[in-house]
Amino acid sequence: MTNPHSQLIKACIKKDKQAQSKLYELCFGYLYPVCLRYATCEDDAKEYLNLGFYKILKNLRNLHKSESFLPWSKRVMINSILDELKKKKRYQNHVQLSDIAQLETASGSVQFDEDFGAQEIYLAIRSLPPQTASVFNLHAIDGYKHREIAKMLGISEGTVKWHYSDARKRLQKLLAKKGYPEKMAS
């Protein structure tokens, strides 16, 4: 395996409880912020983390030797969270404040000027309709392509593009109302 923690991963595959605990500690700081973006509260984030980590452990054998563990684990975590959201019929997302500085899009970058307060952006994203916030979060923050999001959410690619465009327009409008000029690149 090309992973720096390949021995730990091998031990986890063999169901070594201490190794699983160490892997959980290793992943916590990387995966918990992902869970917070999709959770409505910290309890939900912890639930998502535990359910997702269980799926990570269960699917470690599927980790290809050429794949890096942390990006793979993030994909498994996001898919696990989306499964839970679908089950609960909830799509309310939160974005970790540190992830908001630069948002990537298919056409380049959406950047918020430094004058934007992270809290204002966080609250603006949180105020979006649930599915629109999901699409925005998946595309702008997590870097998924429109086609991938459509497949994950079970909607058409055109609908994904509409939700993403709608999210950008709403965010610009919400932030402009708070006294910020439109500073997101179009």
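This is a predicted model: local features need pLDDT of at least 70, side-chain atom pairs count only at pLDDT 80 or more; totals for chains, interfaces and linings use all residues.
## Packing of α6 and α7

Two packed helices are described by the angle between their axes and the distance between the axes. Helix α6 spans residues 130-141 and helix α7 spans residues 146-153. Their axes lie 10 Å apart and form an angle of about 135°. That angle makes α6 oblique to α7, because an angle over 145 degrees would be needed to count as roughly antiparallel. The crossing of the two helices is right-handed.

On the α6 side, the contact involves Gln131, Ser134, Val135, Leu138 and His139. The residues they meet in α7 are His146, Ile149, Met152 and Leu153. By class, the residues of this contact comprise 5 nonpolar and 4 polar, with no charged residue.

## Salt bridges at aspartate 142

Across the whole structure, 7 salt bridges are found. One of them joins the side chains of aspartate 142 and arginine 37, with an N to O distance of 2.2 Å. Aspartate 142 belongs to the loop between α6 and α7, whereas arginine 37 belongs to helix α2 (residues 17-38), so this pair ties together parts that are 105 residues apart in sequence. Both aspartate 142 and arginine 37 are buried.

Aspartate 142 also forms a salt bridge with lysine 74, where the closest N and O atoms are 3.7 Å apart; the cut-off for such a pair is 4 Å. Lysine 74 is located in helix α4 (residues 69-88) and aspartate 142 in the loop between α6 and α7, so the bridge links parts that are 68 residues apart in sequence. Through shared partners, salt bridges join Arg37, Lys74 and Asp142 into one network. The relative accessibility of aspartate 142 is 13%, and the residue therefore counts as buried, the limit being under 20%.

## The arginine 75 and glutamate 67 pair

A further salt bridge connects arginine 75 with glutamate 67, and its closest N and O atoms are 2.5 Å apart. Glutamate 67, with a relative accessible area of 17%, is buried.

## Summary

The α6 and α7 helices pack at about 135° in a right-handed crossing, and the loop between them holds aspartate 142.

Technical notes: Residues are numbered from 1 along each chain as its sequence is written. Side-chain values use heavy atoms; hydrogens and water are left out. Axes are lines fitted to C-alpha atoms, for helices over the stretch in contact, and angles run from 0 to 180 degrees between N-to-C directions. Helices (H or I, at least four residues) and strands (E, at least two) are DSSP runs, numbered from the N terminus. Angles under 35 degrees count as roughly parallel, over 145 as roughly antiparallel, 65 to 115 as roughly perpendicular and the rest as oblique. A crossing is left-handed if the near helix is turned anticlockwise from the far one by less than a right angle, and right-handed if clockwise. Contact means heavy atoms within 4.5 Å. Ala, Val, Leu, Ile, Met, Phe, Trp, Tyr, Cys and Pro count as nonpolar, Asp, Glu, Lys and Arg as charged, and the others, Gly among them, as polar. Buried means under 20% relative accessible area, exposed over 50%, partly exposed in between (1.4 Å probe, protein chains only).
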